[in-house]
Amino acid sequence: METKKGKYDTNPLDPDVERKAEEAWGNEGGGGAQTQQVGGATREVGKSDNESSRGNVYSEAPTRRYDSPPLEKPYPSVFIPPTYAPPTQYQQGSPVYQSPVSSRPSSRSVPGIGIPEKWAVMMPYAPMYVGLVVSLLELFLVPRKEVKVRFHASQALALHIGILIVQTIFGVISTISGSSFGGVLFKLAALVFLIISMVRVWRGEPHRIPPLAEPAQWFNEHIEPRNQG
């Protein structure tokens, strides 16, 4: 008994499927028009301006990195802090007291005292009271634009005052104990250190004593020079 087939049954294994499809769509036997094949090559669509620019690899702008935005444009996000530098007028000014760049002192005359620079930076470290007096004179006479001279003068002044304080302490201890060995040993060590300081500064080597940075800065800021030029 043959199985009853539905209207939409298009089993590809059915040998009559091709005939039934032609009858259903009206091709050849049904009087319908056949599908006409289009001949000739496909018409080429004209290129736009963007197409010609895209074809040239050198016309494309380089990829912009978002981790380094240009300074002249506002930052697009509120979740990431901006990386631009603050304007110049908002930046902190350079400190008055600063360690100069290490270089060999020249023979030019220093304004205010009229002696060569190499002598002006070395004499404040002279032993005994000579260096103390020279340091005070340079701070009172040398203008602030002479950063190197004022730096060594203020540092040497703090060094001499520190040596005097320690010598006074050793003097009190010597009076109580009756022994001056510690005081003599300290004087010898201070003399050697001052001579080494003079040699280093004369050669232009960096000579900065970190424990004396704060008192030296205070001397340089509070002792106003007579020559402001």
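**Figure 1. Contact between helix H4 and helix H5 in a predicted model.** Met128, Tyr129, Gly131, Leu132, Ser135, Leu136, Glu138 and Leu139 of H4 meet Val149, Arg150, Ala153, Ser154, Ala156, Leu157, His160, Ile161 and Leu164 of H5; contact means heavy atoms within 4.5 Å. The residues of this contact comprise 11 nonpolar, 4 polar and 2 charged. Here Ala, Val, Leu, Ile, Met, Phe, Trp, Tyr, Cys and Pro count as nonpolar, Asp, Glu, Lys and Arg as charged, and the others, Gly among them, as polar. As this is a predicted model, local features need pLDDT of at least 70 and side-chain atom pairs count only at pLDDT 80 or more, while totals for chains, interfaces and linings use all residues. Residues are numbered from 1 along each chain as its sequence is written, and side-chain values use heavy atoms, with hydrogens and water left out.

**Figure 2. Crossing of H4 and H5.** The axes of helix H4 (residues 128-141) and helix H5 (residues 147-177) come within 8 Å and cross at roughly 140°. Axes are lines fitted to C-alpha atoms, for helices over the stretch in contact, and angles run from 0 to 180 degrees between N-to-C directions. H4 and H5 are therefore oblique to each other; angles under 35 degrees count as roughly parallel, over 145 as roughly antiparallel, 65 to 115 as roughly perpendicular and the rest as oblique.

**Figure 3. The largest nonpolar core.** This core has 24 residues, and those with the most contacts inside it are Tyr125, Leu139, Val149, Leu157, Leu159 and Phe219. A nonpolar core is a set of buried Ala, Val, Leu, Ile, Met, Phe, Trp, Tyr and Cys residues joined through side-chain atoms within 4.5 Å. Two or more residues are given to this core by each of helix H3 (117-122), H4, H5, helix H6 (181-203) and helix H7 (213-222). The largest share, 7 residues, comes from H5. Phe219 touches Leu139, Ser154, Leu157, Ala158 and Ile161, not counting residues up to four places away in sequence.

**Figure 4. Met128 in helix H4.** Met128 has a positive phi of about 60° although it is not a glycine. At 64% relative accessibility, Met128 counts as exposed; buried means under 20% relative accessible area, exposed over 50%, and partly exposed in between (1.4 Å probe, protein chains only).

**Figure 5. Helices of the whole protein.** The protein has 7 helices and 0 strands, where helices (H or I, at least four residues) and strands (E, at least two) are DSSP runs, numbered from the N terminus. Of its 229 residues, 23% count as buried.
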